[in-house]
Each structure stands twice: as structure tokens, then as C-alpha cells.
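Subject: Structure for you to look at

Hello,

Here is the structure I said I would pass on. Please open it first and keep it in view while you read the notes that follow.

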Amino acid sequence: MAGAETGKGRGGKIYLDMPVTYLKGVGPARADALRRLGVITARDLLFHVPRRYEDASTISPIASLETGMDGTIIGRVISKGIIPTRKGLRIFQAVLRDDSGMIEASWPGQPFLDRLIDKGDVMLLTGSVRFYHGRQLQPREYIQLGKDDEGVKGGRVLAVYSATEGLSFKVIRGIIDSHLESLLGLVREYLPQEMLRAAGVPALPEALRMVHRPGSIDEGARGRSRLAFEELLFVQILHRRAHDLAREKRKGVAFENRRELTSALKQAMPFKLTNAQTGAVREIFHDMCSDRRMHRLLQGDVGSGKTIVALFAALLAMENGYQAAFMAPTELLAEQHARTFTSLLDPLGIAPVLVTGSLKSKQRRAAAKLLGTTDPVLAVGTHALIEDAAVFGRLGFITIDEQHRFGVEQRAAISAKGEAPDILLMSATPIPRSLALTKYGDLDVSTLDERPAGRLPVTTVHRPGSARERVLQFVERETAKGRQAYIVYPIIEESEKLDLKAATIMFEQLSAGPFSGRRVALLHGRIPAEERDATMRAFRAGEIDILVSTTVIEVGIDVANATVMLIEHPERFGLSQLHQLRGRVGRGAEASWCILLGDVGEEAFERLRIFVETDDGFEIARADLDLRGMGNLFGEEQSGAATFRVADPIRDEELNVRARAAAETLLAADPELSSKANVGIRKVLSARYSRAMELFRVG
Ligand code: ADP
Ligand code: MG
């Protein structure tokens with residue numbers, strides 16, 4: 001796992017690649033347990049860094065604990081036992097003592113602890129104190145420190161390691177303690193001195209010592225920063241290299257900014273570009289007018305106006321005699337874009353060609369014929385654009401809207417449709433810069449951080465379940481005025497367990513009851529696609545007043561007359577998802593509302609408050625990341641791209657920026673990492689990342 005040099009230990013006994021089984025004090029059973037923690041070799045053990053630290057300042061004297069308080073204590077077990085209750089629950093209880101006093105600790109339903117915790121053990125406990133025949137601690141976490149160890153007495157910092165079943169913290173710490181010195185002796189620094197100096201992190205052996213046995217919590221953090229830097233650095237090196245390779249020189253295509261079609265659009269369109277849009281268009285044109293391929297991501301909040309920016313880029317390609325393609329994840333979105341483009345481009349005498357799976361065969365043949373020519377057409381469509389049958393005569397530019405909805409292969413497939421076409425990806429989940437550097441490090445990124453002026457903000461509120469009737473009356477009044485509403489539910493079928501109001505059941509209740517006078521329709525993922533599209537078309541045409549739906553309406557849809565977004569069970573949604581949903585209203589001239597309805601727990605309430613209080617997608621994404629991690633924001637496929645053991649791209653933002661700079665400097669001087677000075681880096685890279693092979697021809 002680690003970047004340390006391999007070598008025989010002093011005395012020839014211990015070496016970094018040695019399986020932990022052979023380490024003194026380990027053996028097969030413990031080695032099995034260690035494997036569950038990802039520790040297979042001695043090197044892994046050395047890089048098994050503490051989860052956190054405790055020091056004297058975070059430990060409370062037992063006497064000072066008061067009812068209602070949360071606290072961490074260290075004490076010795078002076079008695080213990082299992083107490084049965086009348087209801088058949090078995091409770092493990094122990095009394096702990098330190099210099100200041102005693103307290104009872106209680107673990108309901110965990111009688112097995114009686115086998116694991118002995119009288120005389122010194123333990124660290126964290127939990128809340130309640131009153132039950134006296135003060136009682138209910139531990140959330142416990143760590144066995146051993147028999148004689150008083151833990152952090154005397155200001156020592158206690159490194160807390162992840163433990164696993166069959167392998168207590170005490171044992172892990174014991175194993176690391178007994179081998180730390182000899183293992184540290186085997187580790188060599190392999191990153192250049194100047195790089196470490198510039199990044200402000202310590203050298204590897206020193207960092208590892210700091211991490212395992214810090215003199216202070218700060219020192220632990222400093223050691224950790226070296227390990228985090230290393231992880232970020234490698235990801236940045238890979239991104240940087242992929243970035244450079246993807247922008248290889250193209251065979252002759254450097255578009256020229258002729259200002260023909262693009263100027264005509266500027267004249268004809270009904271609004272002025274925002275400054276952010278102008279800036280993004282400039283960045284994109286700069287890329288397209290160079291002889292290198294463009295690989296750019298355009299990110300911006302819902303409604304920030306990404307579509308028109310992409311249209312300008314398409315026109316640049318077209319005025320140079322090339323074809324442009326615009327790919328969207330659903331037929332509905334593709335149709336919507338086609339409609340928008342038709343009206344915007346009509347004054348220019350350009351008509352987009354729609355390419356979707358549901359075209360009649362005659363239309364399909366006509367479209368295919370047009371694409372097959374070398375005429376500068378604008379094709380708007382779904383993944384039908386990447387099917388084998390779709391052949392482009394002269395494709396020079398591609399936009400992929402809502403890019404996260406496409407897989408890696410689909411993105412690759414469309415870029416193979418032309419001869420090195422320029423590519424613009426669009427994402428509606430804007431993320432903070434630091435994360436963008438990590439996640440999209442091999443792309444150039446343009447950001448729309450401004451929304452078109454003059455739009456009314458969407459009023460967002462959270463109402464308790466008791467307000468349900470009034471909220472529904474409000475929706476009724478809005479629709480009576482001719483407005484339209486969305487009502488969104490998290491899942492589609494009633495589940496007794498979760499007791500959620502499923503869209504299907506609620507659709508029946510709502511359309512029979514409160515909205516019996518309205519045209520109500522149901523939309524969810526198990527309805528066949530054609531039927532779903534027909535419903536959406538009817539909603540857009542104003543033939544439906546209220547759309548009861550799951551999140552299938554989440555993406556991109558633009559119905560200006562919809563003014564209410566009512567979301568039930570809001571706690572079931574991520575903040576970014578809620579933000580996407582909110583983006584479906586407030587698209588016209590009328591005032592709009594986003595209403596979260598339902599009673600939620602305290603934690604969810606706080607989380608939803610962030611959403612109610614801010615309309616800034618970047619801020620919401622950041623909060624979402626803090627609360628739920630990357631996987632939840634991007635889905636599994638997307639989050640798998642960069643996983644870190646130590647680093648956290650959000651919290652280590654500053655370090656990440658330094659890692660990126662370091663990667664740039666490194667590759668500028670030695671693009672293939674072939675110099676002798678960089679052998680160590682190459683070694684680690686190829687050992688850790690399978691991608692390194694294709695990027696650096698290492699193996
Ligand atoms: P998104 O970034 O969410 O994809 P769209 O491109 O769909 O946003 O734009 C949202 C709406 O804003 C569209 O109706 C579009 O016509 C409008 N729009 C885009 N740019 C501007 C602008 N500069 N001024 C006014 N309206 C704009
Ligand atoms: Mg969009």
C-alpha cells in the first residue's frame with residue numbers, strides 16, 4: 001500500500017513486504033483479522049494510521065461527569081457483571097474508577113462483553129451520562145487500553161486505531177508498538193526534497209512516527225498531512241497526465257472564430273449573456289481555436305444557463321464547416337433542447353436535427369442521411385446518437401448534457417464518432433473547486449457562478465405534518481389560478497416497514513380527494529418510457545395540473561408555468577437532489593414555492609434547514625458532501641474514481657491545491673516520469689494505480 005522502499009530489515013528479519021502473519025505477536029488468526037482492516041503486509045501495518053487521537057484535554061475526570069453530559073473518561077474496571085431485566089434483556093455493566101471517582105457504565109443487550117472485558121482492565125469510554133439510580137454512562141465507544149496502561153496520563157496523546165472483530169484496539173496498538181521502530185528504519189523518502197518543502201509537509205519516516213506516536217495532537221495532524229498529500233499528489237499526477245494525453249494535437253482542426261453564426265445568435269437571442277456565460281464561452285472558444293482537443297466540463301447551478309453556452313460552441317464548429325452534436329440523457333430533454341434551438345436558430349436559418357430512439361423509420365432515415373453528409377448540421381438527441389447506425393460525416397464538436405447520467409463507455413463512444421472532436425461535458429451538480437480538482441482533474445473546468453438576472457427566487461419552506469391540509473389547499477389555490485404543481489415522493493410502492501407515502505397510493509388518494517377537481521397524473525420509474533414521456537408532454541402542454549411523481553422528474557425539465565414543488569418525506573432526499581427538484585420551478589415570471597412537508601427528526605431538520613436557507617447550489621453540494629460523503633452525491637460509479645484512505649479532498653482543500661501544483665511541476669519537467677530521480681514515484685504509482693500502466697507505460 002505504501003510508498004516506502006522495500007528492503008531487508010536490519011538483522012535480515014523484518015521487511016516491508018513481509019506478510020503480517022510472520023510478525024512476532026501476530027500469527028494466522030490475528031493475520032486474518034488484520035486482513036479485514038486491509039492490513040496484509042508489514043508495510044500495510046505501518047500505514048494503518050490512527051482514526052483519531054485523544055489527549056488529556058479531551059478526557060474528563062470521572063467525578064466531573066454530570067447527568068445529561070457527553071464525555072470521555074479513562075478508568076479501571078473494578079467490578080462487572082450481567083444484569084437480567086424483567087423484559088428478558090441482558091445488560092452488561094461495569095464500574096470504573098479513576099483518581100477522582102467511580103461511575104457505572106451500562107451496555108444494554110451486549111452480554112457478550114462480559115467475555116471481552118476483564119476486571120482490572122483500563123478502558124477509555126465515550127458516551128452520554130444519564131441518571132439511573134445514580135450517574136450512569138452509556139458508552140457509544142469503548143477502547144481497552146490494557147492492564148497497566150493508564151493511557152493518556154501525563155499529557156500523552158493516545159492514538160486510536162480502527163479495530164475489528166477478534167482484534168481489539170489494545171492488540172493492534174500492541175502489535176504496532178512492538179514493530180514500529182524496526183519498520184520505520186526501513187522507510188525511505190522518495191519524494192523530492194523541494195516538493196516536500198513547497199508543500200510544507202514532513203518527510204515520510206518522520207511523518208509516520210508523528211502519526212503513530214505524536215507528542216501532541218497537532219503533531220499527529222502534521223504527520224497525517226504528509227500521507228494525505230501523497231494520496232492527493234498521485235491522483236493529481238494521474239489526472240494531469242490523462243489531461244495532457246487527451247489534448248494531443250489534432251489533425252489540423254483548429255477552429256477559427258469567424259463571428260458569423262455566433263454573432264448572428266447574439267443579435268437574435270432574447271436576452272444578454274451573463275458575465276459568467278460570456279467568460280465560459282471565451283474559455284471554450286479558446287480551447288476550440290487551438291489545435292489541441294478540448295476536454296472541458298461546464299458546471300453551474302440549476303438554471304444558470306448552460307445550454308446556450310453549449311449552443312455558442314456548436315455554432316463555432318458549424319461556421320467552420322463542421323457538424324455539432326448535443327446529447328441528452330432522456331428523449332424528453334432532447335426534445336426540449338431541440339425545441340429551444342429551433343426557436344433560437346430560426347432567425348439564422350438553421351434547423352436542428354432530432355435523433356432519438358422513437359423516431360419513425362422514415363424520419364430516422366432522413367436524419368441519418370443528413371448526418372452522413374459533410375454539411376454542418378446540428379444534431380440533438382439521446383444515446384441514439386452513439387448507436388452504430390448513427391454515422392457522422394464531419395463531426396467537430398460534442399456536448400454531453402447532464403453528463404453524470406452517462407457511463408464512461410457512452411462518453412467514449414460519442415467521442416469516437418468524429419476525428420478528435422472537441423468535447424464539452426455539462427454537469428448540474430456544481431461542486432467546490434477543490435473537489436472538482438480531484439474528481440475532474442483530467443478535465444478543464446468552466447464554472448457558471450451566476451444566474452441570469454431578473455428571476456424571482458423560489459420561496460422555500462419546511463412545514464410540519466400537521467400543516468398538511470393547509471399546504472394542499474394552497475396547491476389547490478395555485479392550480480385554480482392556472483398554475484401547475486409537482487408533488488414528489490421518495491419511493492413508488494407502499495412499504496409497511498418504512499411507512500412512506502408512496503407516489504402510487506398518494507396519487508389515488510389525492511386525485512380522489514383534495515384534488516378531485518384537478519387533472520392529476522402519475523409519473524414514476526416503473527411506468528414504461530413512452531407513457532412517461534407522453535405524460536410529461538401533456539404536463540408541458542398544460543393539459544395536466546398536478547404531477548404526482550418520484551424523482552424521475554429530477555433532471556433538466558423546463559416548464560415555466562409550474563410554480564409549486566411540494567416534496568413529501570424530504571428527509572429521504574439528499575440536499576443536492578432537493579436542489580435539483582427545486583430547480584424545476586421558478587422558471588417563469590410567476591412567484592414560485594418549494595415546500596418540504598413532513599415531521600422529521602432533529603438531525604434531518606437541521607440538514608433541511610441548510611436547504612431552506614440557501615439557494616446556492618455550490619453551498620448545498622458542500623453541505624451534502626460534509627454530511628453524506630461523495631458516494632451519495634455522485635452515485636457509486638462516480639465516487640469510485642477517487643478513494644482515499646487518509647485524505648479528504650474537501651477538508652484538505654489547501655493541501656489538494658498544493659498537490660496539484662506539485663504534480664504540474666513534476667510533469668512539466670519529466671512528462672513520462674522516466675528520469676532516474678523519479679524512479680521511486682514511478683514504482684509507487686504502478687504499485688497502487690492500475691491506470692498508471694496506460695498513462696505512463698509502467699508495469
Ligand atoms: P441549466 O444551466 O440548468 O441547464 P438552462 O440552460 O436550461 O439552465 O437555462 C435556464 C433558463 O434560463 C432557460 O429558460 C434559458 O433560456 C434562460 N437563460 C439562459 N441564459 C440566460 C440569460 N443570460 N438571461 C436570461 N435568461 C437566460
Ligand atoms: Mg440543463
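Which side chain has an N or O atom 2.6 Å from an oxygen atom of ligand 1? The side chain is that of T307. Please bear in mind that this is a predicted model.

Ligand 1

In total, 16 residues surround ligand 1. The closest are K272, Q277, G303, K306 and T307. Backbone atoms also come into the picture. A nitrogen atom of ligand 1 lies 2.7 Å from a backbone N or O atom of K272. For S304, a backbone N or O atom is 3.5 Å from an oxygen atom of the ligand.

Helices around α10

Two packed helices are described by the angle between their axes and the distance between the axes. Helix α10 covers residues 306-319, and T307, the residue from the opening question, is among the closest to ligand 1.

Helix α9, residues 275-288, packs with α10 at an angle of about 30°, and their axes are 10 Å apart. Angles under 35 degrees count as roughly parallel, so α9 is roughly parallel to α10. Their crossing is right-handed. On the α9 side the contact is made by Q277, A280, V281, I284, F285 and M288; on the α10 side it is made by I308, V309, F312, A313, L316 and A317. Sorted by class, this contact has 11 nonpolar residues, 1 polar residue and no charged residues.

From α8, the residues L261, T262, L265 and K266 meet L311, F312, L315, L316, M318 and E319 of α10. The classes here are 7 nonpolar, 1 polar and 2 charged.

Helices α7 and α21

Another pair is α7, residues 217-246, and α21, residues 653-669, which pack at about 50° with axes 8 Å apart. This makes α7 oblique to α21. The crossing is right-handed. The contact of α7 with α21 holds 11 nonpolar, 3 polar and 5 charged residues. Residues of α7 in it include F229, L232 and R240, and those of α21 include L655, R658 and E664.

Regards

Definitions and conventions
Residues are numbered from 1 along each chain as its sequence is written. Chains are lettered from A and ligands numbered from 1 in the order in which they are written. This is a predicted model: local features need pLDDT of at least 70, side-chain atom pairs count only at pLDDT 80 or more; totals for chains, interfaces and linings use all residues. Side-chain values use heavy atoms; hydrogens and water are left out. Axes are lines fitted to C-alpha atoms, for helices over the stretch in contact, and angles run from 0 to 180 degrees between N-to-C directions. Helices (H or I, at least four residues) and strands (E, at least two) are DSSP runs, numbered from the N terminus. Angles under 35 degrees count as roughly parallel, over 145 as roughly antiparallel, 65 to 115 as roughly perpendicular and the rest as oblique. A crossing is left-handed if the near helix is turned anticlockwise from the far one by less than a right angle, and right-handed if clockwise. Contact means heavy atoms within 4.5 Å. Ala, Val, Leu, Ile, Met, Phe, Trp, Tyr, Cys and Pro count as nonpolar, Asp, Glu, Lys and Arg as charged, and the others, Gly among them, as polar. A residue is near a molecule or strand if one of its heavy atoms lies within 4 Å of it. A polar contact is a pair of N or O atoms within 3.5 Å; within protein, one must be able to donate a hydrogen and the other to accept it, and residues adjacent in sequence count only if both atoms are side-chain atoms.
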